Amino acid sequence: MRNNDKSQTPKNPTPKSGNGDPPAEHYMPPPAPLLALFQTHASFLLFGHENPDGDAVGSALALGHMLRDMGKQVSVAFPTPPPDWWTHMPGADMVTQQPSQPPDVAVSLDCDDISRLDHLTEAYLQAPHCAEIDHHTNTRRSCEVFYVDPQASAVGVLIHRILTAMDQPLTAQIGTCIYWAIATDTGFFRFANTNAEALRVCAECVAAGADARRIARATVGNRPLAHLVLKGRALANLKQYLDGRVLLGVVSMQDFAAAGANRTHAEGIIDDIRLAPEADVSVLFKAPSPNNCWQVSLRSSVIDCAEVARRFGGGGHAEAAGFSFDGPLADGRRHLLDALADLLPETDR
Ligand SMILES: [Mn+2]
């Protein structure tokens with residue numbers, strides 16, 4: 001349920017500090033110039049990053065629904081196709097392969113660098129106005145108008161704040177997309193970014209009509225055989241490095257071929273590798289697909305994964321980040337292990 005009475009306490013009250021009080025809750029409101037863009041313009045093109053995840057797709061579609069409900073013209077585009085389950089999300093008709101004419105406003109979502117828009121970067125930069133909505137720690141921004149809050153669990157949370165600030169209704173469609181964004185980005189409420197705001201927003205989304213069971217079934221509760229076979233091969237060949245502190249998996253071209261799998265089938269394998277308590281850092285190398293390079297995923301709660309990834313031209317979050325590289329696996333692995341040996345704190349184990 002939404003609180004429409006603006007005179008009441010803010011949606012995210014700041015608790016008093018003192019003994020026994022909970023810590024003050026963080027809240028960064030959407031900037032006025034961003035809201036002005038949504039109010040004054042008529043056509044919008046919304047972009048998510050390449051290999052879009054639930055947050056990229058969910059937040060783009062949620063914002064798309066809000067703008068469409070306001071009578072605006074909206075298209076959504078991704079440089080590479082989203083995972084199969086995205087067709088269960090409301091708003092498929094907004095998604096276009098190749099945006100035609102430039103919109104009034106282009107918005108990038110969940111995207112820490114415009115290079116992640118790949119071949120759509122041109123279309124993005126052609127729009128007379130652009131804005132970025134993101135929660136990555138990176139600060140390389142290419143638009144004057146941006147709403148970047150690294151403390152937000154997911155971009156879906158930021159869309160909810162925008163919706164609230166603009167006094168637009170949380171419909172079942174918007175609630176479904178926002179719930180999808182937050183649930184997937186928090187690993188279904190297991191990761192460190194699962195905070196009170198994320199849970200509160202998700203509760204509102206369920207009250208508005210989001211079907212939590214259906215969303216879980218469509219994503220984490222539903223894995224194609226190709227994914228399972230690919231994961232089996234990756235897990236069977238895990239290797240330990242740096243006295244066992246790094247657990248590293250590889251999915252090679254042969255693995256993809258043997259499993260009948262594509263890149264999207266490798267999603268989530270890293271989250272199984274990170275389950276091993278023996279390692280401080282979990283790593284997955286995904287083989288190059290045609291016209292592509294090796295993709296590397298990092299997970300750790302001991303070192304800052306985003307810092308590691310940035311050394312290799314990538315980015316992400318403290319506990320989950322990634323980068324890509326061109327060249328032989330052995331070289332990439334050696335450079336990464338050198339960097340990790342530098343960064344891992346001393347231990348007496
Ligand atoms: Mn995200």
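The paragraphs below lead through a predicted model of a protein chain, from its metal site and its cysteines to its helices and strands.

Residues are numbered from 1 along each chain as its sequence is written, and side-chain values use heavy atoms, with hydrogens and water left out. Because the model is predicted, local features need pLDDT of at least 70 and side-chain atom pairs count only at pLDDT 80 or more, while totals for chains, interfaces and linings use all residues.

A place to begin is the metal site. The manganese ion is coordinated by Asp55 (OD), Asp110 (OD), His135 (NE2) and Asp185 (OD), at 2.2 to 2.4 Å, where donors are N, O and S atoms within 2.8 Å of the metal (3.2 Å for Na, K and Ca), and sites may look incomplete since water is not among the atoms. Along the sequence, the spacing of these donor residues reads D-x54-D-x24-H-x49-D. Two of them, Asp55 in helix α2 (residues 54-69) and Asp110 in the loop between β3 (105-109) and α3 (121-126), link distant parts of the chain, as they are 55 residues apart. Helices (H or I, at least four residues) and strands (E, at least two) are DSSP runs, numbered from the N terminus. Asp55 has a relative accessibility of 0% and counts as buried, and Asp110, at 1%, counts as buried too; buried means under 20% relative accessible area, exposed over 50%, and partly exposed in between, with a 1.4 Å probe and protein chains only.

The cysteines come next. A disulfide is a pair of cysteine sulfur atoms within 2.5 Å, and by this rule the count comes to one. The bond joins Cys130 and Cys143, whose sulfur atoms are 1.9 Å apart. Cys143 is buried, with a relative accessible area of 7%. The sulfur of Cys202, by contrast, has its closest cysteine sulfur in Cys205, 5.6 Å away, which is too far for a bond, and Cys205 is in no disulfide. Cys202 counts as buried at 4% relative accessibility, as does Cys205 at 0%.

Among the helices, α1 (residues 32-40) shows how burial can be arranged around an axis. Its buried residues are Leu34, Leu35, Leu37 and Phe38, and because they cover an arc of only 150 degrees, they lie on the same side of α1; the arc is that of the directions from the helix axis to the C-beta atoms. An α-helix has 3.6 residues a turn, so residues three or four places apart point the same way. On the other side of α1, Ala32 and Thr40 are exposed. The cover over the buried residues of α1 includes β1 (43-48), α2, β3, β4, β5 and α4 (155-165).

Glu204, in helix α6 (residues 196-208), counts as buried at 19% relative accessibility. Lys231, in helix α8 (residues 225-236), counts as buried at 13%. The side chain of Lys231 makes a polar contact with the side chain of Asp272 at 2.8 Å; a polar contact is a pair of N or O atoms within 3.5 Å, and within protein one must be able to donate a hydrogen and the other to accept it, while residues adjacent in sequence count only if both atoms are side-chain atoms. Leaving aside neighbours within four places in sequence, Lys231 is in contact (heavy atoms within 4.5 Å) with Ile269 and Asp272.

The walk ends at strand β7 (residues 246-251), which is mostly covered, with six of its six residues buried. Val246, Leu248 and Val250 point one way from β7, whereas Leu247, Gly249 and Val251 point the other way. Two strands pair if DSSP finds at least two bridges between them, and β7 pairs with strand β6 (residues 239-241) in the antiparallel sense over three bridges, with Leu248 in β7 as the bridge partner of Lys239. The hairpin of β6 and β7 has four residues between the strands, and in this hairpin Leu242 takes a positive phi near 50 degrees. With strand β8 (residues 281-286), β7 pairs in the parallel sense over six bridges, and Val283 in β8 is the bridge partner of Leu248.
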